[in-house]
Amino acid sequence: MRIDEARFREDFEELAAIGATPEGGVNRPSLGDAHLAARAWFLERAQAYGLETRVDAAGNHSAVLPADGPTLLLGSHLDSVPEGGRYDGALGVVAALHVLVALRGTELPCALEAIDFTDEEGTLVGLLGSEALAGALRAEALLSPRGGRDALLAGLARAGLREDELAGASRDPTTFAGYLELHIEQGPRLERDGAQIGIVTAIVGSRSLVFGFRGVSGHAGTTPMDGRRDAGLAAAAFAVAANTLVVQDFPGCVATVGEMRLEPGGFNVIPDSARVSIEFRSPETAQLDALETALRRQAGEAAERYALDVDATVVGRWEPAALDPGVRGAIARAAAELGLAAIELPSGAGHDAQALAAVTPSGMIFVPSAGGVSHQPMEHTSWQACVDGANTLLHATLELCAVYAARGA
Ligand code: HGY
Ligand code: MN
Ligand code: MN
């Protein structure tokens, strides 16, 4: 059995045109107009294929192929990072839809649900929809989210969602048969190893913090260089020190300063405020703890060196997740049935699967990213790889249904 390649490509290209950027990527930050248009498109296509559709209290959008028995969730996300690529998330959602399309009329022991999760990328909160569905959404995550509380409230309002109802999206995990996600690797490993399919073993954990440095503003021309309390200088020193710390002392971890905001922001004014957004990742919780402690200490040292005050706000915490050996086996069998070369590998990117893994057996299928590039318009995966991934998702779905049926027999 195979997905309908022509329709799959037609739908993928149509979706890629929503929020398309001149550089060939997409710009669909969560709950912005382009993202909401993509979600409306998804529901329209599902209904055109004769599938049931549903939107839950967290805004998760689903197409459903009903059956007696538990639901096998096939998901990913339609939101993107700012100025992102057309494959990240979108490939998994369109492929999931086409698995349901291919299986219409087939008697299955499990219901199938293709789901687009709200705000996977964390331009507002991060894994918002998948954590809500998994019953793991913490109220405090909404109070100081990494995209800012005002942006979150504005996004919820645009989407017609209510903050106090988001947690209502949680579902009884015993109603799930499992979770499968097709996604681009976003790294260089598959291409380098000449593998067509990646069977993901685990997903990194990550944390996002904002360090606020406060000094004294002043005239850039008349204030002597010594004795300044320049918040910008401390921010820059901290960013370099954080990078050196991870490279030298935390192998296997990564850290990124993705945003630095100096205020008041004039050429001729010494900045008295610097807001440094840093995100760091590790496959091990203990390493995340140690790295967080070390970064907090470094921020304090930078503040002391430039006679500043500093505070830290945690704006996101996602734990590492191991993926299910049974689901990994089903993906391996699916790849073998299709004659595709597969390897096992961990994910350095975060995914909705790490929220679902806490409540139901979950697995991920990777396809190669050209040059390992992602989160920018040059992100590319060959069309053949997209089709191979979608067919592997289809066969892994059938494998998991067979496992469920055998268990129930
Ligand atoms: O940031 C990530 O790792 C993912 O793309 N959301
Ligand atoms: Mn993604
Ligand atoms: Mn992403």
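How far from an oxygen atom of ligand 1 does a polar side-chain atom of H375 lie? The close-ups below, all taken from a predicted model, begin with that spot.

**View 1. H375 meets ligand 1.** The answer is 2.9 Å, counted from a polar atom in the side chain of H375 to an oxygen atom of ligand 1. Taking ligand 1 as a whole, the protein covers 90% of the 210 Å² of accessible area that the ligand has on its own.

View 2. Look for E120, where an N or O atom of the side chain is 3.0 Å from a nitrogen atom of ligand 1. Then find G350, which takes part through its backbone: an N or O atom there lies 2.7 Å from an oxygen atom of the ligand.

**View 3. F117 and Y179 form an aromatic pair.** The rings are 6.0 Å apart from centre to centre, and with 55° between the planes the pair is tilted. In case you wonder about these two values, a pair of aromatic rings is described by the distance of the centres and the angle of the planes. Distant parts of the chain are linked by this pair, since F117 belongs to the loop between β4 (111-116) and α4 (128-133) while Y179 belongs to strand β5 (residues 176-184), 62 residues apart. Across the whole structure, a search finds 6 aromatic pairs.

**View 4. A cis peptide bond joins E263 and P264.** Omega for this bond is about 10°. To find the place, follow the chain to the loop between β9 (254-263) and β10 (269-270), where P264 is located.

**View 5. L31 has a positive phi.** The angle is near 65°, and L31 is a residue other than glycine.

How values were computed
Residues are numbered from 1 along each chain as its sequence is written. Chains are lettered from A and ligands numbered from 1 in the order in which they are written. This is a predicted model: local features need pLDDT of at least 70, side-chain atom pairs count only at pLDDT 80 or more; totals for chains, interfaces and linings use all residues. Side-chain values use heavy atoms; hydrogens and water are left out. A polar contact is a pair of N or O atoms within 3.5 Å; within protein, one must be able to donate a hydrogen and the other to accept it, and residues adjacent in sequence count only if both atoms are side-chain atoms. Accessible areas come from the Shrake-Rupley method with a 1.4 Å probe; for residues, only the protein chains shown count as cover. Rings of Phe, Tyr and Trp (its six-membered ring) pair if their centres lie within 6.5 Å; planes under 30 degrees apart count as stacked, over 60 as edge-to-face and the rest as tilted. Helices (H or I, at least four residues) and strands (E, at least two) are DSSP runs, numbered from the N terminus.
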